[in-house]
Structures are given as structure tokens and as C-alpha cells.
Amino acid sequence: MEREMEHPVIYLTADALISSLGFSSGECRERMFKYQSGVQPIRDSQFYSELFYGAKIDDNRLQLLVPEHNLYDFSRFEQLLILSIRQTLGQSGVDIRQNNCGFILASTKGNIGRLSAGNETGDELLLSHSAEKIAAYFGFSAKPVVLCNACISGISAMIVAKRLIENGMFTHMVVAGGDELSDFIVSGFHAFKSVSTGICKPYDAGRDGLSLGEAIGSLLLTSDKKHVTEQQPAMLLGGAITNDANHISGPSRTGEELHMAIEQALLQAGISANDVSFVNAHGTATIYNDEMESKALYLSGLSGKPLQSLKPYFGHTLGAAGVIETIICKQQLENDIVFGVPGFETIGVPYPLNIDALHRPMNLTYCLKTASGFGGCNATIVIGKESVPGNKPLSGSAPLQGKQLEETSSQILKRAKIVSKCNISALGVELNDERVLANEPTDDFPTFIRKAYASLNLSYRKFYKMDDLSKLGFITTAWITRSVDGFSGLPPESKGIIIANRSSSLDTDIHYRQNLDAVGDREASPAIFVYTLPNVMLGEICIYWKMKGENTFFIQREFDKDFLIQYAGMVMNEQDLNYCIVGWCDLLDNNFLSEFYLMER
């Protein structure tokens, strides 16, 4: 894996966790030491018409903190994020008003619980709006970065932060992840029949599904060691994102794609599987996810390493999971202990894993953390202690500034070029600034996109099952890849995709909300619910064009082409991608716009 220059060390330091187990990282950790689970039976019709098991944050404690910090003008989701970030910033001493300090928000659904009839287009439903409000509350000068990558969102945010620091765009990044329970979420997972009848049991022969949860976490990533207080701090050493290119709601049958992410992360960290002390896996306790992970870990030579899932403590917290579980991994490294998996009894996956229901004190050096999600996405990071023989690197270099930053940007892009551009709007399709298909003024989006599909002479019956956002992205990709002969046949790992939009999946969210209100939570449609994640569009594209490399979805108020192109250049260099599709794809009601660029090394 080629490097343009020596990168600074990325330290994981100040952190704060709010969950069903408590309102600080320390409180949550102490309850975990006592094997306490935050997953409890919930009987509340505002979430679901029947009793279910889930992990819920104590609203009574939250309401006591709202007046203390003047949080009346914020949603519950935003209030919890602010409370977590306040703790993190209070520990760090970082001046967030400086432009070398960035802020990343990772979430799967944000304020989606507020979606209702007549409240479908307000700014409060936009993740970018929540991020901007939170950034303004604290006084961040840098524009916030928002990630929405299903259940790998939190790990994706860690990887994005690492890349932005390594390439000189920031010295510090505050990474926050959050999701809350709502009837929207709970009904959707029940529609998939994937919710456990009790506290979930990852990898166990008796597992019957996941336990949903809500949580908020935040931590500081920095290359400036003077803001690190730990005596033996944790470092983020490697990270990678891949796609199964197999199915939008089911994991890979082979585990090869998660294995690929693991291998890339280990290579970047400069260690082997033998060096890993323990694995913190996704471990949702669903039948196929756990099976896939056991296969991936076997392929990676990690089956015998102590392994855990934290879902029995916190439930599956969606976009927050990667952040809160990274915080717990960091604390396990600091305390030389691997937490047990409560309720685990008998292994129930194809390849045996080294799991124990009890905590295991042991000398720890490196942790490997994985995550997977709808849309076929996978992510892996490697965390290690500083000042341990074999660790790489042992001391940080100075943060990049001024001329160095400009030179780094130039280096990032020197081998990547744009070879094709496609724009689709209400006017029609433009390929490399030439109109190749005009749209009739009387045609609505469904009519237009069907004509666009017919004009390409494709034969792909799954196209008609996609939601409108996915159709828009699919057709734009079909046009832009025409400039490369045999694009589908190129090595899958050599192709990636990085897309942003404003509305996330709100168009489909509205349809799902209407379906839920019409039929009730017990009859809600899983076929609609799966598309209430914008990155599922990336999954559809990856499946058809056989793309198993980077796949990341950003949410932006407006299309920031320069940022996305520069970020894609970083990824292409780091992951050795030959091609990367970069761009904008937004659709809400009958308003739509896509603008894709095909980059080539």
C-alpha cells in the first residue's frame, strides 16, 4: 500500500458515552464490569404495539440536564449529542474555534422519529441541519462532516477522521455518533422478523435476532499529543471499508469482503493477525450476520483470538454502534480486560470463535473492530497502544500546516483524473456536457426514469424493485461507466464509490411512514424499509457493477464537489483503487438531481 509521505500518529483520547447503562463512559464501563445489561423489556405503544426487548436511555435523567445547559431549542437526538460532546471537549482542552479542529457526525436516522404527516420537508429532518445546530452551539469554525452509512456509520466516521487528519486537513477531529429508538426503527426491524424475543445472544446456537438500542458517543482524534492525557494512549492505526456486492439486506455468503477489509486494515496498521490481542465484532445475533463474521474471521486467521460483541450490553445502536464500541475497545485496552458476552452458552456459527461469557483480564496490545450493515457495507479499524514493541508508529510527527497542506493536496490528486461526467436533472441526461436524453416537461420522475432505463437497453429486472433514489443513482452510473470498456469485469476490489446528498433517504422515509400509518407496525413493509438508508443505493450499484472497494455516503447541505473529489483522491491512493465514482445524488418528491464523476488512476 503506497504512501506519499509519513503520516502523523492519530490518538484516541477524550471520550463520552450516553446509553441505557449511564450518562458517562465511566458509568457505563462500571456497569459492564458488573455484567449489567441495558437491554430490558419495553412495553410502550409509542415504539411498538407489543412488548419487545430494547435498550433505552433514561429520559428522566435527560430532562434534568436540559435546563442546566439550555437545550430547549434542540431535539432529543441533538440534546444527547450535545451532552456527550460537552463531556469530551471538557476533557480535551482543544480550541474548537480554530480551523484545525473538525467535527464529524455519524447517524443512521437522526431525527426520523419526528417524521409525521404534514412534517415531511422541514429542515429538522435533515442530518446536516442537526450537525450545523450542534456545531453552532459549541462554536466549531469548520463545516461539519456528516456520514450516513447504515450500521457502519460510526466506524466509517473514524476512518474518515483518520484520513482527514493524516492528509493535513485537520489536527483534531471530534467524532460523534448517535441514533435513538422510534416506532420508525422498531417497526422496520420487526418487519424483517429480526428482533430477539429476549436479550440478544451473539454467535450462540440459541440466538434468535437482535436487540435494538439507542446511544450517543463522542471522542477526540488528534495528532497533537499535548491534548492526550492517558499514560499509554490508544492509537487508530488502520481502517478500511468494503462492499459485499451481493445483496442489499443480507450479508455475504462467504465473508470474503469483510475479510478483505480486515486484511487492508491490518496491512495499514503494519501488523499481522497474530499480533491482534482481541476482536470486537459487530455481533448482531442475527443468523446470517454472525455466520458471515465467523467465516471472515476464519479467513483472516482470527478465529482463535478472544472475541466479543457488546450488543447484549447496549443493544444494536445502529449508526452509534461504531463510535460507542470504539470507546469501550479503547477502555479495554487501557484496563487490560476483555469484557465477556453475557448470556453466551454454546457456539452456533460455522467456524468456532473464542468467546466467553465472563470477563477476561489479559495483557492487551491491539484490538481489531469490525462492523457490517445493509447495502452490503463492511468496515474495520485497528487500535493499538502506544509504546509497545512492534507498534507503528511510536511518536507523532508535527501537524501539517500551510504550504505542507497544499503540497499534500497536490500529491493526493496527482495520479487521479476525471475521465467522465454525467448529470441528470429535470431537463434530461447530459454525458460529458452533451445532452444524450431529453426529458419531456410533462413527465414526472417515475415516467422519466423508466424512459432513461429503456434508452440504455439494459436487462435487469431488479431495477423495477428499487426506490427512486436508487434508480436515479443506478441510471447515472450506467451512463458514466460507458466510457470504460468492460467496467463490470474489472477487479471488484479496484472500484469504489463516494456519494453525497442533502435529503438522505427522506423520499423513501416518507413512503415508509405512510405505509406504517396505513397498515400498523405489525404489517409494515420490509421491502420499503430497506431503502430508508441512502447507502443502499450504493449497494445496488455495487451489486450490478461488481464493486467491492470503498463505499461511503456523506450528507451535505449543498454539493461540495471539491471536498468529495479531494477525499476520493485520498481513498484511491490509500486503497489502491483504479476507479472511483464520486458525486451527488438527491431526490425528494419530484425534485431530483445527480452529478457523477468517474475518476481514474
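**Exercise 1. Confidence**

- Residues are numbered from 1 along each chain as its sequence is written, and side-chain values use heavy atoms, with hydrogens and water left out.
- pLDDT is the predictor's confidence in each residue, from 0 to 100. Contact means heavy atoms within 4.5 Å.
- Residues 388–409 stay under 50, and the model has 44 contacts for them beyond four places in sequence.
- Residues 1–5 also stay under 50, with 17 such contacts.
- Where pLDDT is low, the predicted coordinates should not be read in detail.
- For the protein, the mean pLDDT is 93, and 94% of residues reach 70 or more.

**Exercise 2. Overall form**

Solution. 
- Along the principal axes, the C-alpha atoms fill a box of roughly 65 × 60 × 50 Å.
- Take contacts between residues at least 6 apart in sequence: 77% of them join residues at least 24 apart.
- Areas come from the Shrake-Rupley method with a 1.4 Å probe; for residues, only the protein chains shown count as cover. The protein exposes about 21000 Å², of which carbon and sulfur atoms supply 47%.
- Buried means under 20% relative accessible area, exposed over 50%, partly exposed in between (1.4 Å probe, protein chains only). By that count, 64% of the 601 residues are buried.

**Exercise 3. Strands**

State which strands pair with β1, and in which sense.

Solution. 
- Helices (H or I, at least four residues) and strands (E, at least two) are DSSP runs, numbered from the N terminus. The protein has 17 helices and 22 strands.
- Two strands pair if DSSP finds at least two bridges between them.
- β1 covers residues 11–18, and eight of its eight residues are buried.
- Six bridges join β1 to β8 (residues 215–222), antiparallel. Here I18 stands opposite I216.
- Two bridges join β1 to β9 (residues 234–243), also in the antiparallel sense. Here Y11 stands opposite M235.

Next, give the order of the open sheet of three strands and its edges.

Solution. 
- The order is β2-β3-β7, with mixed pairing.
- β2 (39–42) and β7 each have a single partner strand, so one side of each lacks a neighbour in the sheet.
- β2 and β3 run antiparallel over four bridges. I42 stands opposite F52 in β3.

**Exercise 4. Cysteines**

Determine how many disulfides the structure holds.

Solution. 
- A disulfide is a pair of cysteine sulfur atoms within 2.5 Å.
- The structure holds zero. C200 is in no disulfide: its nearest cysteine sulfur, that of C151, is 13 Å away.
- C200 has a relative accessible area of 1%, so it is buried.
- The sulfur of C422 is 10 Å from the closest cysteine sulfur, in C585, which is too far for a bond. C422 is buried at 0% relative accessibility.
- C151 lies in the loop between β5 (145–147) and α5 (153–166). C151 is buried at 11% relative accessibility.
- Beyond four places in sequence, C151 touches T108, H282, H316, L318, A371, S372 and G373.
- C151 and K109 are 42 residues apart in sequence, yet 10 Å apart in space, C-alpha to C-alpha.

**Exercise 5. Helices**

Identify what covers the buried residues of α6.

Solution. 
- α6 spans residues 183–191, and eight of its nine residues are buried. Among them are F184, I185, F189 and H190.
- Their cover includes β3 (52–55), β7 (212–213), α14 (506–519) and α15 (526–529).
- Just after α6, K193 takes a positive phi of about 55°.

Then place D290: is the residue buried or exposed?

Solution. 
- D290 is found in helix α8 (residues 287–299).
- At 0% relative accessibility, D290 is buried.
- Outside four places in sequence, D290 is in contact with P202, Y203, R207, G283, T284, A285 and V349.

Technical notes
Predicted model: local features only at pLDDT ≥ 70, side-chain atom pairs only at ≥ 80, totals over all residues.
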